[in-house]
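My notes follow in the order in which I checked things.

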Amino acid sequence: MSGIFELTELKDRIIIAGGGLVGGVAAAMLADKGHQIDLYELRDDPRNENAAAGRSINLSLSHRGMRSLRQIGMEEECLANGVKMPARMIHKVSGETYEVPYGRTKEHFILSISRLRLNQMILTAAEKRENVNLHFNHRITDVDLSGTLKFSDKPDASGDVLIGADGAYSKVRSKMARGVFDFSQTYIPHGYKELVMDKAENGDWRLPKNYLHIWPRGQFMMIALPNLDGSFTCTLFLPFEMFKTIETQESGIAFMEEHFPDSISIFGRDNLMKQFGPGTTPGLPMISVKTSPHSVDNTVIVGDAAHAIVPFYGQGMNAGMEDIAVLMDTYAKHNDLKSAIKEYGVFRPKDAHAIADLAMYNYIEMRDLVTSNWFLFRRSLDRLLATVLPGSVIPLYEMVVFRPQMGYSNAIERNKKQSTMIDWTLAAAATASLAFALKKLTREGTLSSLQFDKLSIGSAQDFVSSLLK
Ligand SMILES: Cc1cc2nc3c(=O)[nH]c(=O)nc-3n(C[C@H](O)[C@H](O)[C@H](O)COP(=O)(O)OP(=O)(O)OC[C@H]3O[C@@H](n4cnc5c(N)ncnc54)[C@H](O)[C@@H]3O)c2cc1C
């Protein structure tokens, strides 16, 4: 009798719905605690030939996701399979570019990685644990929250604990929603469409490689993430109304010429043209889902099943993988999985809601604010203050992306306090400078004392409020 078998005899048997990015991590992590795991996935094994990439070709992996992947021994493998992006590169309509770093140290980078490759690696890591069984081509049609999955054409599967990692349109969540359960979903009025920028003839990347490229255009934008093979995956984020105007090859290329003129020669006109028109992927929807609690009975939902978010903070998968690490921390505290699930299900929604809100906000930042001088000034100031006042000021992006030890909701709270403090300091500094300048003018006789009294108060107030806008 193997050691693992002895252990699993005593431990809750776990069934997992969904073998995507989060389900696979859950399988590996819980297997390491000695549980017997059976994971059920709708699709064929993505490690087979001709597997589809899924909802996006690549995505950005950062510290929260990496924390969980490190725990299952995958950090090195991920780094070897990704491209580091320590900064964004902003492309203006004029073709000029500038960079905005993501953080302040060399550890502050996000990693561009293929979704398919990552999913394959996670499943392989899970399967290496002898107490994990993966079952593909299993379509879940119904769920019993005491721990049973029902399939379209296969016998039921039961366990002591059920983990719902079946994505944004989760069957497990649907079943939970029939009870005492808060649920909201929002489709944003924008869709996304991926475009492939092939590698250059010499095999090189056609844009500087170690950046997340952004073409912000106010109400819409395009981004590009590098792939290991020299290509870039670009994504257009547009209002659906706008997608309707670019349904032909001609209108697609005309749109690109008007708004992203520098990209035409980089894509190659013919290559780009082929990616518009009949038969190509249209604009796809993006959904944001909030739920509470995340557990009912013996069942817990994780990843997109619990909190699908819009992709503008690059945190959906990261938050989902973090769910599992947080669940394991709770488990370590209780030493009992069912108690851990109960507690986790009540406290985790706060952080899930926080990242859903942050992701919505970041859409405006990425497509619009990132071009404003005030925004760029504040970003530089935040970085400067974080360097001269370490521990007192931490930029929001850094808290959200690079500080897994801080919950998303704490990051929002702390940022509010910091922003108020910085705004007041700026306002005080602006008022003092203005008063000084006016006084100087008065001394020099340019303004009379009377004018100064009237002007200084009103102008300083206007100036300060214009700064804070
Ligand atoms: C365009 C786009 C870009 C994104 N970019 C990023 C990014 O850069 N960084 C980031 O962190 N996140 C990103 N995300 C979010 C990320 O894709 C998700 O948060 C992540 O995939 C969630 O993983 P999951 O395992 O919870 O769900 P999924 O990856 O959706 O996996 C769910 C699994 O459940 C299976 N399943 C579903 N229904 C059933 C059923 N009835 N029976 C059996 N199995 C079922 C599915 O086949 C799937 O394999 C992006 C999302 C989009 C749309």
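I began with the contact between helix α2 and helix α12, where Leu21, Val22, Val25, Ala26 and Met29 in α2 meet Met317, Gly320, Met321, Asp323, Ile324 and Met328 in α12; I counted two residues as in contact if their C-beta atoms, placed from the backbone, lie within 7 Å. By class this contact has 9 nonpolar, 1 polar and 1 charged residues, with Ala, Val, Leu, Ile, Met, Phe, Trp, Tyr, Cys and Pro taken as nonpolar, Asp, Glu, Lys and Arg as charged, and the others, Gly among them, as polar.

I note that this is a predicted model, in which local features need pLDDT of at least 70 and side-chain atom pairs count only at pLDDT 80 or more, while totals for chains, interfaces and linings use all residues. Residues are numbered from 1 along each chain as its sequence is written.

Next I looked up the geometry: the axes of α2 (residues 21–31) and α12 (residues 316–334) come within 9 Å and cross at roughly 20°. The axes are lines fitted to C-alpha atoms, for helices over the stretch in contact, and angles run from 0 to 180 degrees between N-to-C directions. The two helices are therefore roughly parallel to each other (angles under 35 degrees count as roughly parallel, over 145 as roughly antiparallel, 65 to 115 as roughly perpendicular and the rest as oblique). The crossing of α2 and α12 is right-handed, the term for a near helix turned clockwise from the far one by less than a right angle, with anticlockwise giving left-handed.

I then turned to helix α3 (residues 63–71), whose axis comes within 7 Å of that of α12 and crosses it at roughly 45°, so that α3 and α12 are oblique to each other. Their crossing is left-handed. The residues of this contact divide into 6 nonpolar, 4 polar and 3 charged, and among them I found Arg64 and Arg67 in α3 and Glu322 in α12.

For the ligand, I found 34 residues around it, the closest being Gly18, Gly20, Gly167, Gly303 and Gly316; a residue is near if its C-beta atom, placed from the backbone, lies within 6 Å. The largest share of this shell, 4 residues, comes from α12, and the shell divides into 13 nonpolar, 14 polar and 7 charged residues.

Last, I recorded that the protein has 17 helices and 19 strands, which are DSSP runs (helices H or I, at least four residues; strands E, at least two), numbered from the N terminus.
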